[in-house]
Amino acid sequence: LRTTVEPISLDPNVRFYQIRAMIRPWRLSGVIRALNEYGVRGLTTYPVSGAGVQIGNIERYAGGTFDESNQNLVDKTVIEVVVVREQCQEVVDTIVDAAQTGEIGDGKI
């Protein structure tokens, strides 16, 4: 079950949009797979660190902990995709469905 994402508001005069999603690093392969299944072939990814709602909380995954070196920042991965206006909502939904865990720290689009 995913949190409902409200439909995004798009300017009818803009043809292309860049979608930037900040996700948990271990969700990257699933997001790329889902985007490939949708038909997205071009994308950029890069690692980032930051703090948000979960500031100071260490993430745990598969028995390991993350961000042990700096407990104020959490590692994330950014995915950037450029799509035509008509694909925006479906690409955002695809990313959310593949990346969301339902916990604090899921990231932003």
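Guide: What follows looks at the sheet and then at helix α2, which packs on the sheet. This is a predicted model, in which local features need pLDDT of at least 70 and side-chain atom pairs count only at pLDDT 80 or more, while totals for chains, interfaces and linings use all residues. Residues are numbered from 1 along each chain as its sequence is written, and side-chain values use heavy atoms, with hydrogens and water left out.

The open sheet has three strands in the order β1-β5-β2, paired antiparallel; strands (E, at least two residues) and helices (H or I, at least four) are DSSP runs numbered from the N terminus, and two strands pair if DSSP finds at least two bridges between them. Because β1 (16–23) and β2 (44–50) each have a single partner strand, they stand at the edges, with one side of each left without a neighbour in the sheet. Between β1 and β5 (residues 74–84) there are eight bridges, and Met22 has Val78 in β5 as its bridge partner.

Helix α2 (residues 88–99) touches β1 and β5, and its direction makes about 10° with that of β1, where contact means heavy atoms within 4.5 Å and angles, from 0 to 180 degrees, run between N-to-C directions of axes fitted to C-alpha atoms, for helices over the stretch in contact. Nine of the 12 residues of α2 are buried, so the helix is largely enclosed by the rest of the structure; buried means under 20% relative accessible area, exposed over 50% and partly exposed in between, with a 1.4 Å probe and protein chains only. Among these buried residues are Cys88, Val91, Asp93 and Ile95, and their cover includes β1, α1 and β5.
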